[in-house]
Amino acid sequence: MSILSVRGVSRSFESAGRAPTVALQATDLEVTENDFITILGPSGCGKSTLLRIVAGLDTQSSGEAMLDGKRIAGPGADRGMVFQSYTLFPWLTVLDNVCFGLRERNLPRAQQLEIAQSFIQKVGLRGFESHYPKQLSGGMQQRTALARALANNPRMLLMDEPFGALDHQTRELMQELLLGIWEAEKKTVLFVTHDIDEAVFMGSRVVVMSARPGRIKLNIEVPMPHPRHYSVKTTMAFAELKAELTEQVRVEVIAAQKASMA
Amino acid sequence: MKPLTPVAPAARVTLGISFFVVFIAIWAVATLGGFVSKTFLADPITMVKSGYTLLTEMGFAKDIGMTVGRVLGGFLIATLVALPLGVMMGAYKPIEAFFEPFISFARYLPASAFIPLLILWAGIGEAQKLAVIFIGSFFQLVLMIAVAVGNTRRDLVEAAYTLGASDSSLVRRVLIPGAAPEIAEILRMVLGWAWTYVIVAELIGASSGIGHMITDSQSLLATDQIIFGIIVIGLIGLISDMLFKLANRKLFPWAALGK
């Protein structure tokens with residue numbers, strides 16, 4: 001049962017005196033309950049644009065995106081988002097950041113705290129409730145951002161290269177953390193990345209996008225069962241899939257570079 | 001010296017105070033040494049003595065009180081109007097488009113040039129003094145507050161929307177708290193400017209206040225009193241600035257982090 005349907009969604013930007021730039025060609029994507037879809041592609045292929053349209057932060061030029069059969073017309077608490085940049089509110093503590101959406105729904109404070117505490121614990125930040133974002137490392141800030149998005153109990157979790165700014169080791173730990181939470185909470189996730197390892201390790205499906213103007217070029221299932229342990233990264237199945245995706249993405253990266261030099 | 005390397009707190013205080021010492025020393029040498037005529041510039045000792053006389057015998061404390069009251073009064077009125085207007089302009093672009101061109105023009109109107117008009121309209125009473133300070137600080141405040149609010153990080157705005165924030169709660173819960181420390185800094189800066197306007201207002205058509213004392217002293221060629229008046233203004237400015245900074249640090253502990 002499909003919870004997100006993207007049908008013929010495209011996005012082009014008008015530029016004065018020139019032909020409009022097409023960032024995203026008409027794209028179709030069906031996301032079913034509990035899917036963990038990772039979207040891979042070269043820079044500028046429109047993968048973030050697609051995610052932002054689903055989030056309601058950008059508006060498509062044609063087609064429509066539907067969540068549970070309802071047309072997406074703007075951002076909402078039913079689609080939690082984690083951004084690549086650190087977007088915690090710097091004037092709020094970790095606890096109040098996680099409570100932000102709950103307070104918006106006018107939940108009683110006691111209930112807010114109960115929900116927030118449970119997610120703070122799930123992301124391993126117990127003891128840091130009264131820290132301000134600037135007192136946290138990048139990884140801890142993204143954990144808080146994840147807890148903040150999950151606390152709203154969204155239908156979907158949208159993630160735009162959330163670990164892109166983190167160092168390699170922290171990123172791998174964050175992948176395991178997110179995967180563990182997804183396995184436990186059975187969320188539906190749309191995850192944009194340009195890291196192939198990350199896409200294969202976490203995704204139940206991997207979507208590869210072409211160079212600009214972006215379109216979905218490949219949409220394949222990852223044939224590895226959940227729960228996944230980090231050691232799957234060293235298995236044959238993982239290596240084979242990674243090799244295939246590396247080829248697919250590489251072609252697009254080269255195409256994108258050619259296009260930018262032309 | 002290495003560029004941009006911070007100094008230890010104790011060294012900073014010592015360095016800061018030593019320039020005051022150097023300054024007063026040069027002044028003392030120039031005046032007490034007889035290099036500058038007493039008619040033009042009083043020496044530090046005479047200045048302190050006549051300052052004492054001013055305070056104890058001539059009711060200068062009341063003048064100081066009047067001046068401080070005028071600055072705070074005019075500034076408070078300007079802030080009370082400028083805050084909501086500045087926030088609305090920063091948040092809602094049509095409102096900004098409506099007011100911004102006029103305010104940009106109005107802020108270059110020199111407040112002191114309004115004094116003759118204001119005397120005509122409001123007389124030489126307190127209303128005129130408050131009006132000068134209001135004109136001098138209001139337009140600056142509005143524009144700077146609007147810019148501070150309008151500069152809110154767009155990714156924070158987007159994050160708030162994806163967490164279910166409505167438009168009005170975006171203003172209340174993101175734009176205002178995010179800009180608050182900068183707004184507090186703006187208030188601190190503009191309060192400093194308000195001090196220069198009040199003195200100008202008191203130089204013309206006033207019967208009390210530090211500025212009034214200075215004009216009185218001018219007709220007596222009492223440079224010692226003039227300098228004392230100027231120093232008092234400087235000290236009050238310094239103290240209010242320090243109090244403001246202290247309050248900002250207490251109110252917005254998060255803003256000072258990681259700086």
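1. Let's start with contacts along chain A. Among its contacts with a separation of 6 or more, 71% join residues 24 or more positions apart. Two residues are in contact here if their C-beta atoms, placed from the backbone, lie within 7 Å.

2. A word on the source: this is a predicted model, in which local features need pLDDT of at least 70 and side-chain atom pairs count only at pLDDT 80 or more, while totals for chains, interfaces and linings use all residues. Residues are numbered from 1 along each chain as its sequence is written, and chains are lettered from A in the order in which they are written.

3. Chain A holds 7 helices and 10 strands; these are DSSP runs numbered from the N terminus, with helices being H or I of at least four residues and strands E of at least two. Its C-alpha atoms fill a box of roughly 55 × 45 × 40 Å along the principal axes.

4. Of the 262 residues of chain A, 44% count as buried. Buried means 20 or more other C-beta atoms within 10 Å of a residue's own, exposed means 12 or fewer, and partly exposed lies in between.

5. Glu183(A) counts as partly exposed because it has 14 C-beta neighbours inside 10 Å. Leaving aside residues up to four places away in sequence, Glu183(A) touches His226(A) and Pro227(A). Glu183(A) and Pro227(A) are 44 residues apart in sequence, yet their C-alpha atoms are 6.6 Å apart in space.

6. Now to chain B, where the axes of helix α9 (residues 210-219) and helix α10 (residues 223-251) come within 8 Å and cross at roughly 160°. That makes α9(B) roughly antiparallel to α10(B), a label for angles over 145 degrees. Axes are lines fitted to C-alpha atoms, for helices over the stretch in contact, and angles run from 0 to 180 degrees between N-to-C directions. The residues making this contact include Ile210(B) and Met213(B) of α9(B), and Gly229(B) and Val232(B) of α10(B).

Definitions and conventions:
Parallel < 35°, antiparallel > 145°, perpendicular 65-115°, else oblique.
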